[in-house]
Amino acid sequence: MQLKLPDTLGLGSLFAMALSLFSGAEQRRLVTHQPAQPPSYPLAVRSPYLSAWMPSDQVQTLPYAEPQFWAGQSLTWSVMARVDGQAYSLMSVKNPGDTNIRPAVVRSAEYTATHSVFTLSAGKVVFTLDFFSPVSPSDYLRQSLPFSYLTVSVAGASSNDIQIYSSIDGRWTGKPSGTVRSFEQSGSTAIYSLAVENASLYAEDSDMATWGQAILASRPTSSSTLSAGSGKRGELRSQFVRNGKLAGNDGPWFRGGIVALAHDLGKVTGQQSVNFAVGYVREQAISYLGKAYTGYYRANYPLTSQAVSHFLDDYPGALAESQILDSAMTAQAKKAAGQKYADIVTLSTRQAYGAIDVTIPDDTKDPHDVLAFIKELSSNGNLNTVDVIMPAFPIYYVLDPDYIRLLLEPMMRYLAAGRWRWPYTIHDMGAHYPNATGHDDQKAEPMPIEECGNLMVLALAYVQATGDTNWTSRYQDVIQPYADYLVDNSVNIAEQLSSNDAAGPLANETNLAIKAAVGLKAFGELTGLKEYSIIGDERATLFFNQGLGTDSKKTHFVLQYPEQPDSWKIPYNIYPDVLFNLGTFPKAAYEMSNTFFKSVRSEYGVPLDNRQDWAKSDWNMWLAGTFDKSTRDEFVDDLWAFMTNGQHNWPFSDRYIATSALGNTPGVPVLCRARPTVGGHFALMALQGPKSLQQAMLSAEREEYNDLYFFEVKGEEL
């Protein structure tokens with residue numbers, strides 16, 4: 001029985017639309033963006049070191065535009081097509097130097113949770129570039145593969161002679177001046193790799209890894225022949241422009257050289273496509289407490305050539321899964337908070353997983369010893385920062401809550417070994433990715449209440465979503481002293497940082513007191529130790545009912561108690577109380593905030609607190625999850641307005657100017673690019689229940705299978 005893939009991307013309609021638009025005036029029209037125009041389109045986003053984006057303001061000139069690494073470095077990733085002997089630039093043929101290359105006309109751009117699709121016309125033929133980064137957290141093999149697909153499709157051909165080309169260069173390695181090139185043929189798969197010569201293990205240059213290999217690969221289809229070449233950029237382009245293929249020889253390698261692959265499809269009628277794989281591999285991916293960890297996929301495919309071949313083989317299955325995920329996520333998000341919310345979370349998905357490596361020990365390749373590592377992008381590069389995992393966890397909660405455990409496990413082993421001697425939870429597992437060395441010097445950034453409260457909430461989230469009490473029981477003796485720390489230190493709070501360290505330290509910060517109260521209630525729920533739940537309730541009574549954490553009229557929670565009645569901060573730490581139905585704070589506390597935050601709303605929403613003009617998108621979505629529909633929708637509208645305002649072109653920033661009150665331009669990002677904390681945007685979907693998106697995908701998969709079975713098998717009986 002053959003399964004037919006649903007056309008959830010609407011590629012057929014895109015082709016039909018583009019084919020109908022060939023008048024001169026229409027060819028000059030603006031590009032249409034669906035479902036909205038994001039600041040930047042994710043192209044290949046699979047790990048902290050494979051993270052390529054196309055700024056949205058360059059899509060109109062896509063044939064010339066250069067993709068960027070998440071941190072802003074330009075990358076060469078060129079795509080050309082040849083139609084009846086005429087060459088067209090589809091993407092990133094910058095300064096072609098060949099008058100025989102024409103720019104294709106960009107028609108439309110679209111993103112889903114897993115795909116970014118651009119449609120261009122070249123003469124009367126339409127091409128689509130489908131940049132597909134699988135998001136498959138429950139399949140560790142698929143999720144851990146450090147590659148992304150580029151599918152180039154042609155439609156509208158009528159016996160046209162078609163060739164397709166793609167190339168990358170040494171900028172993907174982080175140090176283009178010192179690269180070496182290699183080529184391997186694995187069966188019919190052609191694989192180029194670029195690496196920094198004599199690279200130092202675990203070294204970076206401006207957040208780009210320099211000790212791995214950048215990969216470009218493809219294989220011929222049943223209707224194409226594949227050619228390869230590397231060397232001077234101009235020479236290889238000219239080969240393709242003149243002949244529609246590459247000469248197959250590798251010229252001398254030097255700075256500025258490219259590696260290229262080209263498909264000759266011959267005469268094409270209708271629609272055909274070819275796949276390229278791009279990637280960045282690190283055989284020793286992470287140093288965890290002095291031991292090398294590698295990608296999970298190497299348990300099955302220890303050689304890069306094997307992994308690349310499997311990745312290309314896996315395309316039909318990965319595509320089918322992605323289409324189910326894209327459809328289910330859009331439906332669930334609309335159900336949670338409407339179309340604009342769906343636009344937000346679908347853009348956030350690849351980014352939320354794109355800072356994670358799923359690993360196993362390099363020496364044993366034991367697939368049962370799985371650890372996940374996450375990079376704190378755009379700040380100091382910390383590794384497995386607890387207050388990065390915390391805001392991101394709603395996406396894991398709905399899609400695969402095992403990631404909460406996988407990301408905490410490296411820290412829990414370290415804490416259990418007694419190597420961290422402070423009475424509060426450690427902030428991170430390493431000063432800079434990929435070195436998970438811990439902090440035996442005891443000098444991690446101190447966030448005592450922040451991280452203790454986070455650990456309680458994350459542990460409960462994992463147990464409530466999975467039912468797995470064995471993991472938390474194993475570590476209860478590690479966790480309980482941190483709950484005791486909250487008991488002893490969360491009323492008269494010493495000056496300290498919260499997760500929003502850019503705002504500076506405070507003593508007696510109300511939002512931290514809320515975190516401690518909810519954290520204690522979570523620990524009581526987790527362990528059945530009711531005395532902690534009772535203390536959590538008592539703290540909530542102190543700070544709300546008795547008014548220690550509110551202004552005198554109980555209109556809002558204050559930033560700092562007891563002498564700052566006019567101050568305020570968004571009390572996002574109250575969200576887990578709602579998510580887990582803990583009942584720590586009474587309904588009146590939520591009604592109070594629901595009313596108050598309408599009154600301090602600015603051009604792009606609500607800033608973090610009364611001192612700042614910048615907002616945090618993840619925390620705002622957490623807070624929105626505690627409101628009624630009207631106020632919740634205002635928060636969604638404000639984040640959507642920032643995302644789509646066209647004033648910036650970074651990968652989705654979770655920190656941006658919300659108000660002009662302090663003289664800054666509202667609607668522009670501040671410092672933060674591509675951070676995985678956008679997983680917090682899923683806070684509204686998380687209210688639908690743990691694994692809710694995972695279950696929706698499974699239901700859609702079963703429904704599709706049953707429908708096909710009925711029509712293809714039962715139909716024959718009729």
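## A mostly covered helix, α5

Helix α5 (residues 304-313) is mostly covered, with eight of its ten residues buried, where buried means under 20% relative accessible area, exposed over 50% and partly exposed in between, using a 1.4 Å probe and protein chains only. The buried residues of α5 are T304, S305, A307, V308, S309, H310, F311 and L312. Helices (H or I, at least four residues) and strands (E, at least two) are DSSP runs, numbered from the N terminus.

This is a predicted model, in which local features need pLDDT of at least 70 and side-chain atom pairs count only at pLDDT 80 or more, while totals for chains, interfaces and linings use all residues. Residues are numbered from 1 along each chain as its sequence is written, and side-chain values use heavy atoms, with hydrogens and water left out.

## The five-stranded sheet

Five strands form an open sheet with mixed pairing, in the order β22-β21-β20-β19-β23, two strands being taken to pair if DSSP finds at least two bridges between them. Because β22 (371-374) and β23 (435-436) stand at the edges, each with a single partner strand, one side of each is left without a neighbour in the sheet.

Within this sheet, strand β20 (residues 291-295) pairs with strand β21 (residues 356-361) in the antiparallel sense over three bridges, and T294 stands opposite I360 in β21. Helix α9 (residues 402-416) lies across β19 (286-288), β20, β21 and β22, and runs at about 90° to β22; axes are lines fitted to C-alpha atoms, for helices over the stretch in contact (heavy atoms within 4.5 Å), and angles run from 0 to 180 degrees between N-to-C directions.

## The three-stranded sheet

A second open sheet has three strands in the order β2-β3-β4, with antiparallel pairing, and its edge strands, β2 (40-47) and β4 (68-69), each pair on one side only. Six bridges join β2 to strand β3 (residues 50-55) in the antiparallel sense, with P42 standing opposite W53 in β3. Helix α7 (residues 339-353) packs on the sheet, where α7 touches β2 and β3, and its direction makes about 30° with that of β2.

Five of the seven residues of strand β17 (residues 225-231) are buried, so β17 is largely enclosed by the rest of the structure. Strand β17 runs antiparallel to strand β18 (residues 258-281), to which seven bridges join it, and L226 stands opposite H263 in β18.

In helix α4 (residues 233-243), the buried residues include L236, R237, Q239, F240 and V241. The cover over the buried residues of α4 includes β5 (77-83), β6 (86-91), β7 (101-103), β11 (147-169), β17 and β18. Helix α4 is followed by G244, whose phi is positive, near 75°.

## Cavities

The model has four cavities of 30 Å³ or more, a cavity being a set of points, on a 1 Å grid over the protein atoms alone, where a 1.4 Å probe fits but cannot get out. The largest cavity has a volume of about 160 Å³, a volume being the space filled by probe spheres set on the points, with grid points joined across faces, edges and corners. Of the 17 residues that line the largest cavity, S144, P146, R282, G295 and D357 are the closest to its centre, and lining residues have an atom within 4 Å of a point.

The elements giving two or more residues to this lining are β2, α3 (140-144), β20 and β21, and β21 gives the most, with four residues. The lining of the largest cavity divides into eight nonpolar, six polar and three charged residues, where Ala, Val, Leu, Ile, Met, Phe, Trp, Tyr, Cys and Pro count as nonpolar, Asp, Glu, Lys and Arg as charged, and the others, Gly among them, as polar.

Methods
1 Å grid on protein atoms, 1.4 Å probe; cavity = no way out; pocket = protein on both sides within 12 Å on 5 of 7 lines; lining within 4 Å.
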